[in-house]
Amino acid sequence: MKGILSIIKAMGKFIIGLGGFTIGLLVIIGLVLTVALSNPNPRPTVPDGAVLVLWPEGQIVEIVEAPDPLAEYFDTFNSRPAQTSIHDITAALRRAKDDARISALAMVTDNMQGAAPSHLHAIAGAVRDFKSSGKKVYAISASYSQSDYLIAAEADKIFMNPQGNVLLNGFGRYRLYFKSMLDKIGANVNVFRVGTFKSAVEPYIRDDMSEAAREANVEFLGALWQQYSESVSSARGFETGKLDQDIADISSKLRNAGGDFAQLALDTGLIDEVGPQSVWRGEMINEYGPSRYGNSFKQIHYQTYLAATNRRVNSANEIAVITAQGTIVMGEGPVTVAAADTVVGHIRNARSNPKTAAIVLRVDSPGGSAFASELIRQELVVAQNQGIKVIASFGPVAASGGYWISATADEIWAEPSTITGSIGIFGVIPTYENTLAKIGVSADGVGTSALAGAFDITRPMSELTKDLIQQSIESGYEQFKELVATGRNMTVEDVDRIGQGRVWIGTTARELGLVDHLGGFEDALDAAARAAGVEADYAPVFYMEEPDKLDQFLADVLNSTVGVGDGFKLGAQSPALLKAAAMITEEAEFLFNLNDPTGRYLICFECKVR
């Protein structure tokens, strides 16, 4: 009995002690937060003669998803990729160009995890604009991927570690095809589509790419590679065709370099100098002076520079920037998807704001739900009916549903490398009666009409149901063509000829009349100001969900960024097997997010090029 009482007493002391510790910890956290929130960090300063360090982290996106700071800090294996806003990068370069305190630019791309072609060209263009001030640009990464190199090529001098490499391999688009697997499990995939080139459904009905899809993909990927080659060749002073010839001869050139990829990069003129960090760091110190603690060159990280130079611009005229990023879905959602209720809410808030002079719809979306796309477009039309001009600005992708929401805008601007078009519509409904039969399960019952249980996936789909769905899909395609014809001042027949689910890049889309002008986000802002007659005085305002202030504070405290002087971080490279698994997971997550109540989708699966 005494032993049991001793155990109970010990447990009681532990519980009391744990409670006291918890209360004390909460009090300490509360005091820290109170002091921190009541004494915000002062605005950082820009050292005279500093080198601006452009060090993007993770994926380049339009809008960065608000972080979950505690999950990222305590979960060592957190898989959420880092993100960097394209607008942060271009804004920093634009400000630094004419800032006398900034003496040069150093670019570190080791922690980039990919970017779409139009984002890469936008950064490269901003670097070129920075160089026009006469300030030097350096690329100081340990190694360069194909994406990284488009940016690095703009540098006056490119450094690389002796263990690094520059491997340019062109663009490709490869998908997984599931027909044989679906056949093995007995799944019956019912496909409804309009458009010769609408290849989104092919992985479920074929084991390979159709000739129509192959033709379209070869054309737009070839055009993207030509833009890439021309940009790099112009920056490095190469002759036309040199990159393609170097790729064709890479085996013999690497053999001549003794199997050393770094030497190969030197031999082919892709880089200027090979050496460890200490070498380029020493050169930068000699040229621009030491940092405060003398362990690197005088510098300022571009995010710190943005914080130091941010100034709120008050204007009676605002250009509302509404971003549609990711798959278009019904309901509400984070910035990783273009959720109809969320985007519509932003448009409604913008058009209800008396300061709003115009709206720029910034699009980076391969499409999604047809219903959700139309909800967004309808709200934009309401704004137009109020007299507010709507200018669509296409980022990396504005295809299928991404084009639908933009079709009736007053103007459409696209980057030369924007992937757009894919004017088509489809539906996919699998049934699993044969799958169930394989394990001895069958479905049977009664209904009050021929449509009762029409969409029961345990039963085969009737010819009546198939006919109804196909009619709906065809009607949706006709509506799509009519929207484009009305918005772009074309005939329905002209739209059909360049539609059929075909994908185009921005330059071709401009020739075909699918977009009005070629240009970036800043060009679209200027166009919106001109259309509203406020070009002399306006301020862009991004409409997005405000992050929780406590979460933002914790993110700042727990996930602060270190500078180049503190040493390189590990690059975010994934083994090939994990990348393959990620492709399958990404396909599955994409499909699970599709929630159109009518089952009609406007999606371009071919449009993702990294």
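Is Asp99 buried or exposed? In this predicted model, Asp99 is buried, with a relative accessible area of 11%. Its salt-bridge partner is Arg101, the side chains meeting at 2.9 Å, N to O. Arg101 is partly exposed, at 31% relative accessibility.

The protein has 610 residues, and 48% of them count as buried. Its secondary structure comprises 23 helices and 22 strands. The accessible surface comes to about 29,300 Å². Carbon and sulfur atoms hold 55% of that surface. Among contacts with a separation of 6 or more, 77% link residues 24 or more positions apart.

The average pLDDT is 85, and 81% of the residues score at least 70.

An open sheet is built from six strands. Their order is E8-E6-E5-E4-E1-E9, and the pairing is parallel. Strand E8 (273–274) lies at one edge and strand E9 (299–301) at the other. Each of these edge strands pairs on one side only. Inside the sheet order, E5 (residues 136–139) pairs with E6 in the parallel sense over two bridges. Ala139 stands opposite Ile158 in E6.

Nonpolar packing was examined next. The largest nonpolar core has 61 residues. Leu52, Leu105, Met107, Tyr149 and Val166 have the most contacts inside this core. Helix H8 (residues 211–236) supplies its largest share, seven residues. A second, separate core holds 52 residues, including Val194, Ala320, Tyr403 and Ile405.

Neighbours within four places in sequence are set aside here. Leu52 then touches Ala92, Leu93 and Ala96, among others. Its contacts also include Ile102, Ala104, Leu105 and Ala106. Further along the sequence, Leu52 meets Ile300, His301, Tyr302 and Tyr305. Of these, Leu105 is itself among the residues with the most contacts inside the core.

Charged pairs form another set of links. Side chains of opposite charge can pair when their charged atoms come close. The structure holds 24 salt bridges. One of them joins Lys157 to Glu283, at 3.2 Å, N to O. Lys157 lies in strand E6 (residues 157–160) and Glu283 in helix H12 (residues 277–288), so this bridge ties together parts that are 126 residues apart in sequence. Both ends are partly exposed: Lys157 at 24% relative accessibility and Glu283 at 30%. Lys157 and Glu283 also belong to a salt-bridge network that includes Glu273. E6, the strand that holds Lys157, is also the parallel partner of E5.

A further bridge links Lys253 to Asp246, with the closest N and O atoms 3.8 Å apart. Lys253 is partly exposed, with a relative accessible area of 28%. Asp246 counts as buried, at 14% relative accessibility, because the cut-off for buried is under 20%.

Definitions and conventions
Residues numbered from 1 in each chain as written. Predicted model: local features only at pLDDT ≥ 70, side-chain atom pairs only at ≥ 80, totals over all residues. Heavy atoms only, no water. Core = buried A, V, L, I, M, F, W, Y, C linked by side-chain atoms within 4.5 Å. Buried < 20%, exposed > 50% of the residue type's maximum accessible area, 1.4 Å probe, protein only. Helix = DSSP H or I, 4+ residues; strand = E, 2+ residues; numbered from the N terminus. Contact = heavy atoms within 4.5 Å. Salt bridge = Lys/Arg side-chain N within 4 Å of Asp/Glu carboxyl O. Areas by Shrake-Rupley, 256 points an atom, 1.4 Å probe, with all protein chains shown as cover. pLDDT = per-residue confidence, 0-100. Pairing = 2+ DSSP bridges.
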